[in-house]
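Colleague: I'd like to learn how to read a protein model. Could you walk me through one?

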Amino acid sequence: MTLSKTGSSSKILSPTNSSSQIQGQKKQRLQLALKCHKTKEVIFGDKRLLLITGDFLVKEWFLTSSTASQARYTLHTLFSSGDRDPSFLDKYGYQIEEHQNVVCSHKELCQIAQLPTRQNAPLSILIEASPIPLFDFNAFSHEQHLPGLILDGIQDPGNVGTLIRSAESFGFKSVIALDGTCDLESPKVFSAARGSHFRLHLAKGQRNQFQESFFSESVTNNTLTNQVTVIAASCKGREADFDTTMNTLKNKPFFLVTGHESRGISPFIEDAPRTNCIKIPIHPQVDSLNVAIAGSILMHRLSCMTTTPRGKHFDR
């Protein structure tokens, strides 16, 4: 099932199936979409399906579906309605196969999106997703992956999605989730990231490999990792050193590590001599900042210290 780009307007290919076949296919795909709400993903044959709901995210998917970072996702089903055909695709010049488009009633679209029927019915899509790749801390590219954001056991999907969105906003090229971090592709993470999944390099990372590659005694012999600065959002940093530390990081390749909402950064990272622990100056009466807010502030400040360009602009 492919989504192809044409030089003209978008079209849905003429139906070739009988009415009964179309209805059977529609019923099956509606069931798949509803099941995704319960299980986050559905394995259908040899395909791993994810559900994306809401006009904004659906349009973001089509807007960026030809980019390299989008290669992990391909269209399985577009759920549209009789009074809301996918004419918005005219702008992007895409052609959808007939079997990829399922025309639904207002009630069915609301059921897919888990919304009350009194609300406007949003578009939804099922996408086929390949597994999130495993990041190799011994064989990465400075040009393709840095600056990078490492999520160290962050549990809240809203926080993870916000950090992914901020990472793209401030020119980060990769987001790596260490063991214990919540699912990068859960519906709440997708919603909070607002389409950044489709443009960033997302990966899982093994905590043991990260520790061995960056914090073990053998790291002195590793030219690749020796060239990379590790920065951690940590209460062990000194607020008075914030600006000084930031200035010393100018134009250096780095990973920024943000930690668990209550436990913070793993000790092997936070206590390592090579780690630059940074604490954001805040009012003394405030205990701490939310991890997504703190991470976003640091990403913005760090982006001002580097020559890394912001992400590719897409004409909406």
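Colleague: What does the accessible surface of the protein come to, and what percentage of it belongs to carbon and sulfur atoms?

Modeller: The accessible surface comes to about 15300 Å², and 49% of it belongs to carbon and sulfur atoms. Accessible areas come from the Shrake-Rupley method with a 1.4 Å probe, and for residues only the protein chains shown count as cover. A bit of housekeeping: this is a predicted model, where local features need pLDDT of at least 70 and side-chain atom pairs count only at pLDDT 80 or more, while totals for chains, interfaces and linings use all residues. Residues are numbered from 1 along each chain as its sequence is written, and side-chain values use heavy atoms, with hydrogens and water left out.

Colleague: How many helices and strands does the protein have?

Modeller: Helices (H or I, at least four residues) and strands (E, at least two) are DSSP runs, numbered from the N terminus. Here you get 11 helices and 14 strands.

Colleague: And what share of the residues is buried?

Modeller: Buried means under 20% relative accessible area, exposed means over 50%, and partly exposed is in between (1.4 Å probe, protein chains only). Of the 316 residues in the protein, 50% are buried.

Colleague: How many bridges join S9 to S10?

Modeller: Strand S9 (residues 148-152) and S10 run parallel, joined by 4 bridges. Look for leucine 151, whose bridge partner in S10 is alanine 177. The chain gets from S9 to S10 through helix H5 (residues 157-169), and this β-α-β crossover is right-handed. To check that yourself, point the strands away from you: a right-handed path from the first strand over the helix to the second runs clockwise.

Colleague: What joins S10 to S11?

Modeller: S10 and strand S11 (residues 201-205) are joined by 5 bridges and run parallel. Leucine 178 stands opposite glycine 205 in S11. The chain crosses from S10 through helix H6 (residues 187-193) to S11, in another β-α-β crossover that is right-handed.

Colleague: Is S10 buried or exposed?

Modeller: Strand S10 (residues 174-178) is mostly covered, with 5 of its 5 residues buried. Ser174, Ile176 and Leu178 are on one side, Val175 and Ala177 on the other. S9 is mostly covered too, with 5 of its 5 residues buried. In S9, Gly148, Ile150 and Asp152 are on one face, while Leu149 and Leu151 are on the other.

Colleague: Now a single residue. What does phenylalanine 210 touch?

Modeller: Contact means heavy atoms within 4.5 Å. Leaving out residues up to four places away in sequence, phenylalanine 210 touches Phe137, Ile150, Leu178, Phe215, Val257, Phe268 and Ile269. You'll find phenylalanine 210 in helix H7 (residues 207-215). At 0% relative accessibility, phenylalanine 210 counts as buried.

Colleague: How many disulfides does the structure hold?

Modeller: A disulfide is a covalent bond between the sulfur atoms of two cysteines. The cut-off is a pair of cysteine sulfur atoms within 2.5 Å. The structure holds 0 disulfides. Take cysteine 277, which is in no disulfide: the nearest cysteine sulfur, that of cysteine 235, is 9.9 Å away.

Terms used: Two strands pair if DSSP finds at least two bridges between them.
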